[in-house]
Amino acid sequence: MKRIKAILFGCFAAMLFFASCENSIKSSIDGTYASYESGEYSISKDTLVIMPYGDQGDYQVIRKSAFQTVRNGKLQPSERKIREYIGRFDGKTKTLIIDAQGKKISFFPDKGSLLLMQREYHKVKP
């Protein structure tokens with residue numbers, strides 16, 4: 001009987017541990033992430049704001065983009081876009097899946113970064 005209680009206690013402790021790990025990953029994805037890229041012909045600035053949406057594990061992603069081309073060595077006027085997405089976080093793969101767009105955001109909490117397609121963003125500290 002003591003052995004059964006010990007096994008049940010161990011299973012319960014393991015479930016709590018794994019649940020807390022997933023919750024800590026979920027809470028660590030909230031925030032603002034930024035990316036800056038420049039080249040000979042353009043400059044691009046992107047910001048992603050990720051926040052919980054509802055109570056079902058969904059997240060709202062607001063993407064703010066600014067893009068400037070360079071022509072004859074001169075910066076052209078900035079073009080700006082704001083897009084909003086809703087996605088569901090998968091704790092096993094550490095990805096936020098945006099179904100309607102077919103996009104995936106992969107998170108790397110230990111580096112404080114994420115990957116949207118091939119573009120890397122770094123978390124901005126408040």
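In strand β8, the bridge partner of Ile105 is Leu116. Helices (H or I, at least four residues) and strands (E, at least two) are DSSP runs, numbered from the N terminus. The model is predicted, so local features need pLDDT of at least 70 and side-chain atom pairs count only at pLDDT 80 or more, whereas totals for chains, interfaces and linings use all residues. Residues are numbered from 1 along each chain as its sequence is written, and side-chain values use heavy atoms, with hydrogens and water left out.

**Confidence and overall build**

The predictor's confidence in each residue is given as pLDDT, on a scale from 0 to 100. The protein chain has a mean pLDDT of 82, with 78% of its residues at 70 or more. Over residues 5-25 the pLDDT is below 50, and beyond near neighbours in sequence this stretch has three contacts in the model, a contact being heavy atoms within 4.5 Å. Where pLDDT is low, the predicted coordinates should not be read in detail.

Of the contacts between residues at least 6 apart in sequence, 37% join residues at least 24 apart. Among the 126 residues of the protein chain, 27% count as buried; buried means under 20% relative accessible area, exposed over 50%, and partly exposed in between (1.4 Å probe, protein chains only). The accessible surface of the protein chain is about 9100 Å², and 57% of that area belongs to carbon and sulfur atoms. Such areas come from the Shrake-Rupley method with a 1.4 Å probe; for residues, only the protein chains shown count as cover.

Strand β7 comprises residues 103-108. Lys103, Ile105 and Phe107 form its covered face, while Lys104, Ser106 and Phe108 form the uncovered one. Two strands pair if DSSP finds at least two bridges between them. Strand β6 (residues 95-98) pairs with β7 in the antiparallel sense over four bridges, and Thr95 has Ser106 of β7 as its bridge partner. Strand β8 (residues 113-116) likewise pairs with β7 in the antiparallel sense, over four bridges.

Each of these hairpins has four residues between the strands. In the hairpin of β6 and β7, Gly102 takes a positive phi near 70 degrees; in that of β7 and β8, Gly112 takes a positive phi near 65 degrees.

**Salt bridges**

A salt bridge is a side-chain nitrogen of Lys or Arg within 4 Å of a carboxyl oxygen of Asp or Glu. By this rule the count is five, including the pairs in the table.

| Salt bridge | Closest N to O distance |
|---|---|
| Arg63 and Asp46 | 2.7 Å |
| Lys111 and Glu120 | 3.5 Å |

Arg63 forms its salt bridge with Asp46. Because Arg63 lies in strand β3 (residues 58-71) and Asp46 in strand β2 (residues 42-53), this pair ties together parts that are 17 residues apart in sequence. Both residues, Arg63 and Asp46, are buried.

Asp58 lies in strand β3 and Arg88 in strand β5 (residues 79-90), so the pair ties together parts that are 30 residues apart in sequence. Asp58 is buried, with a relative accessible area of 19%, whereas Arg88 is partly exposed at 41%.

In the pair of Lys111 and Glu120, Lys111 counts as exposed at 55% relative accessibility, while Glu120 is partly exposed at 32%. Salt bridges that share partners also join Glu37, Asp46, Arg63 and Arg119 into one network.
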